[in-house]
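User: I'd like a quick tour of this structure. Can we go over the fold, then the salt bridges, then the surface?

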Amino acid sequence: MDKILILPLLASVFMVQHYDPRRLFVSMYLPSLLLVPIYYETEFVPSTPEFNFASAIFFPIFVAWLLKSRGRGYRFYWPDAIIFAYILLVFLNQWVNSDYKVAQKVLFNDLMARLGPYVMVRAVFNDVDLRRQLFRNIVLVGAFISFVNLYEFRLWTNLFDLPWRKIWPEWVPWDGSMKRGGFKRVAGPFAHPICNGYFFALSAPIAAYLQRRGELLRNKGMGRWIGRGIVVLHALGVITSLSRAPIFGLFMGFGLLAFGWSKRKIIWIIACVPVAIIALAITIPMFLQYLSVDREHAQDESQRNAAYRRELIDNYLAIVDERPLVGWGRFTVPWIDNQVSIDNEYLYTALVSGKLVMYLYLAAILAAVGRTLNILRSRLPGPDPGASEQRRLLGWVIIAGLLAGALTQATVYAGTQTVQMFFMFLAMAAGLSSAPFGSPLEEVSIPPERRYGYAHRFSRTL
């Protein structure tokens, strides 16, 4: 039954003949990516890259956008070069560590999960209607997932995984149920509770943005309460994962939104800085003492997990230093007994692809955050004051998501659908300066010099 994946592939091939690939990316690919576990995959032809439901739909859309639409909506910007270099270097280093057959599979997977969604969101971001629909689909599908996840949290049954598990002919991963404090840690369609919480830590700021803007439902009467309920569902999606890093990322993200959206930032600074100093003075010594215990002497599961992550870094840094330039490759890392789970995306990247790739990945994140902060500080000029306000609101959403994702990746290998989502956030940061803005009911006309991010402010005269 794994060949059932041919059906979404054929459906996507049919749809690209009749609709704009960018619109299909938003309305067809994105829901399939979020709703179906990504680890159900198959090879259509032996020795070729594996497809899952999301990539089977995305592949025809991406090819049609490149060839038929000629990359419509996309314009190169300098942060894109970091992403291109990152993808290319991962491929080349894998080729050095294995052979071309394995390396081309790695390249294909990175095109489907990283570069493809990145450039498609860059193209979508320059269209007001498509960008709004992209956000709405993320938020509405995410709210549905969170609502269904309450069943798993209470009754220990993953409704997103169960139907496929019954028909799939081969063993699939993620069989074990994780619990904490007597409750099941919810995985949903994201394979692992941390990935589940990670996704909602990214989507919750978008939900808050749409609710504030009235782009889910009008902020009047019942519509206002439904919009708030959707935001609460996204917060519950993080909490039901019972994962500390995503929960901390959620509160940090909402704190950044409250600060960034406030008109009186100085009051926030005066109120929060003394509290933060006192809290750090109390918690840092306790945290260091908490980490000083090894796994054998840990008092509870939380302390055992913290000790495990500290031991990971201590043990694997020496292995990274043995091959710092090209890494060890995806499948040839010399794993240490009892530490085959690399719960740190940055350490995993350095192990597999080398330090330079890890630095490129960090550079992409820092460039995205730095560029967004610079845009918020500079306040791009334009005839519509509302556009500047919308860019300010959305800029803080992007920063909140990027920082929540960067924090979470220090505690988990970034896998499943969170990879696509995080690269979408990197694309949003790259496209923010040139993105046009409009009200929920009326699109604003943006002159070319602002639409495409030209540095000069000369008038255009025919």
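This is a predicted model: local features need pLDDT of at least 70, side-chain atom pairs count only at pLDDT 80 or more; totals for chains, interfaces and linings use all residues.

User: How many helices and strands are in the protein chain?

Analyst: The protein chain has 17 helices and four strands. These are DSSP runs, numbered from the N terminus: helices are H or I with at least four residues, strands are E with at least two.

User: And what share of the residues counts as buried?

Analyst: Of 462 residues, 53% are buried. Buried means under 20% relative accessible area, exposed over 50%, partly exposed in between (1.4 Å probe, protein chains only).

User: OK, salt bridges. What's the count?

Analyst: The count is 16 salt bridges. The rule is a side-chain nitrogen of Lys or Arg within 4 Å of a carboxyl oxygen of Asp or Glu.

User: Which residue does Asp110 pair with?

Analyst: Asp110 forms a salt bridge with Arg330, at 3.8 Å from N to O. Asp110 sits in helix H5 (residues 100-124) and Arg330 in the loop between helix H12 (301-322) and helix H13 (345-353), so the pair ties together parts 220 residues apart in sequence.

User: Is Asp110 buried or exposed? And what about Arg330?

Analyst: Asp110 is buried, at 2% relative accessible area. Arg330 is partly exposed, at 22%.

User: What about Glu215? Which side chains does it meet?

Analyst: Glu215 meets Arg132 in a salt bridge at 3.7 Å, N to O. That pair links distant parts of the chain: Arg132 is in helix H6 (residues 128-155), Glu215 is in the loop between helix H8 (193-213) and helix H9 (221-239), and they are 83 residues apart. Glu215 also has a salt bridge with Arg213, at 3.1 Å, N to O.

User: Where do Arg132 and Glu215 stand on burial?

Analyst: Both are buried: Arg132 has a relative accessible area of 17%, and Glu215 has 8%. Arg213 is buried too.

User: Which residues are linked in a network of salt bridges?

Analyst: Asp20, Arg22 and Arg72 are linked that way.

User: Now the surface. Which residues make the nonpolar patch?

Analyst: Ile266, Ile267, Ile269, Ile270, Val273 and Ile277 make a nonpolar surface patch of about 570 Å². Patch residues have over 30% relative accessible area and no salt bridge; like charges are joined within 9 Å, nonpolar side chains (Val, Leu, Ile, Met, Phe, Trp, Tyr) within 5 Å. Areas come from the Shrake-Rupley method with a 1.4 Å probe; for residues, only the protein chains shown count as cover.

User: Where is Ile277 found?

Analyst: Ile277 is in helix H11 (residues 265-291). Ile277 is exposed, at 53% relative accessible area.

Definitions and conventions: Residues are numbered from 1 along each chain as its sequence is written. Side-chain values use heavy atoms; hydrogens and water are left out.
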